[in-house]
Amino acid sequence: GVDFTLQLGDHWFYTPGDGLHTLADLQQVYHKSVGANGHLELDFAIDRTGGIAPAHAALYKQFGDWIRACYGKPVGQVELPKGQSSVTLQFAAATTIDRVMLQEDLTGGHTVVTFQVDVEVNGAWQPFVQGHPIGSKRIAPGTPVAATAVRLAILEAFAPPQVLLSAFAPGPCA
């Protein structure tokens, strides 16, 4: 996991007058931790009265709003069928996406070693992202593309995996 403080200077306890990280800092840490099969532990620094400084509360809210705006509503989602190594997410019409999120069911342990995601554009398949491993969550950004389908292929796994594939339209997720 990644331990990260809202306050600059890596202070875990509320320090009056300390500056705060920016939303862009929090976004980067989110993608490099949660989006890379990790966990983010963000401090919650209460002041000596037990309250939350208004600037802290506003940034926590802004960060939560950003996460919901980016990852709350995929344009499409499909589960890898049990025992299969690939699945295709079909769109009714060309749909612009710029990232996919893969989530592996870890009930039976981590199984995916490598994967590839391709997109169908004008009737032809082209690579979108390739990586390893998936784990609890992998957010894989790609170049924005108008695709009619997204295909996940598990290239190597220790056992038959269970994976959820979600595709997202470009948005405030830089």
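Me: How far apart do the centres of the positive and negative side chains lie in the protein?
Reply: This is a predicted model, where local features need pLDDT of at least 70, side-chain atom pairs count only at pLDDT 80 or more, and totals for chains, interfaces and linings use all residues. Residues are numbered from 1 along each chain as its sequence is written, and side-chain values use heavy atoms, with hydrogens and water left out. Lys and Arg count as positive, Asp and Glu as negative, and His and the chain ends are not counted; each charge is placed at NZ of Lys, CZ of Arg, CG of Asp or CD of Glu. With 10 positive and 15 negative side chains, the centres of the two sets are 5 Å apart.

Me: Is Gly 38 buried or exposed?
Reply: Gly 38 sits in the loop between α1 (23-33) and β2 (40-42). Buried means under 20% relative accessible area, exposed over 50%, and partly exposed in between (1.4 Å probe, protein chains only). Gly 38 has a relative accessible area of 17%, so Gly 38 is buried.

Me: What share of the contacts with a separation of 6 or more comes from residues 24 or more positions apart?
Reply: A contact here means heavy atoms within 4.5 Å. For the protein, that share is 71%.

Definitions and conventions: Helix = DSSP H or I, 4+ residues; strand = E, 2+ residues; numbered from the N terminus.
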